[in-house]
Amino acid sequence: MIVLGIEGYEPAWHHDAEALAAVHRTRFVRLIGRKLRSSWLMWDMAERGWFADGPVILDFGLTHVEITHRKFDECAITWDQIDLNEPIDWYEHFDWRPDPHAALRHARGKILKAVNVIELITVAEWRPRILHAIEFLFEGARLAIYNAMDENGLTDVPESDLPATNWRRVHIA
């Protein structure tokens, strides 16, 4: 099965922050101290814009980490599954674009210091915590790839501007 027209891409979806952190902790620990070389977004050439359903790819040199959100609170993290040189075989008008978003450009070239999962805390008994984002803390920059209701969102809002309540960090690395 080919997901989003991307050969070899096989996301495994999680909705639990602790489980997601545990599965990927070892790989993220290896990225600490490395510079973000570039990033890639799936680009809709017909619409001339970012196709936010596609994975966000962060290039740390020896490895790529690929992050995708879907539904209400699901996230998949994959490693080196996407070959950026292979065409996207889906509707014939998608391609990869390097660093097209300001939040990604702001983090480019910065050294990674920490990675966290951000959970939203709710009053709903059926879902007291919602997996919301993967947060990358760099020297002098913050990047969060978040669930924008069934697609990816990107922000570089500094930590000092985040609300003080209703969220918590689950440390990955």
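## Confidence of the model

Among the elements of the chain, which has the lowest mean pLDDT and which the highest? The lowest value, a mean pLDDT of 90, belongs to strand E12 (residues 167–171), whereas strand E4 (residues 56–59) has the highest, at 98. This is a predicted model, and its chain averages a pLDDT of 92, with 98% of the residues scoring at least 70. Where pLDDT is low, the predicted coordinates should not be read in detail.

## Enclosed space

Rolling a probe the size of a water molecule over the atoms shows where empty space is left. With a threshold of 30 Å³ or more, the count comes to 1 cavity, and the space in the largest cavity is about 50 Å³.

The lining of the largest cavity includes Gly 5, Ile 6 and Glu 7, together with Ile 82, Asp 83, Glu 86, Pro 87, Ile 88 and Trp 96. Sorted by class, this lining holds 5 nonpolar residues, 3 charged residues and 1 polar residue.

## The setting of Ala 107

Ala 107 is placed in helix H2, which covers residues 102–107. Is Ala 107 buried or exposed? Its relative accessible area is 0%, and because buried means under 20%, Ala 107 counts as buried.

Leaving aside residues up to four places away in sequence, Ala 107 touches Leu 36, Phe 138, Ala 141 and Leu 143. Between Ala 107 and Lys 35 there are 9.0 Å in space, C-alpha to C-alpha, although the two are 72 residues apart in sequence.

Definitions and conventions
Residues are numbered from 1 along each chain as its sequence is written. This is a predicted model: local features need pLDDT of at least 70, side-chain atom pairs count only at pLDDT 80 or more; totals for chains, interfaces and linings use all residues. Side-chain values use heavy atoms; hydrogens and water are left out. pLDDT is the predictor's confidence in each residue, from 0 to 100. Helices (H or I, at least four residues) and strands (E, at least two) are DSSP runs, numbered from the N terminus. On a 1 Å grid over the protein atoms alone, a cavity is a set of points where a 1.4 Å probe fits but cannot get out, and a pocket is an open set with protein on both sides within 12 Å along at least five of seven lines; lining residues have an atom within 4 Å of a point. Grid points are joined across faces, edges and corners, and a volume is the space filled by probe spheres set on the points. Ala, Val, Leu, Ile, Met, Phe, Trp, Tyr, Cys and Pro count as nonpolar, Asp, Glu, Lys and Arg as charged, and the others, Gly among them, as polar. Buried means under 20% relative accessible area, exposed over 50%, partly exposed in between (1.4 Å probe, protein chains only). Contact means heavy atoms within 4.5 Å.
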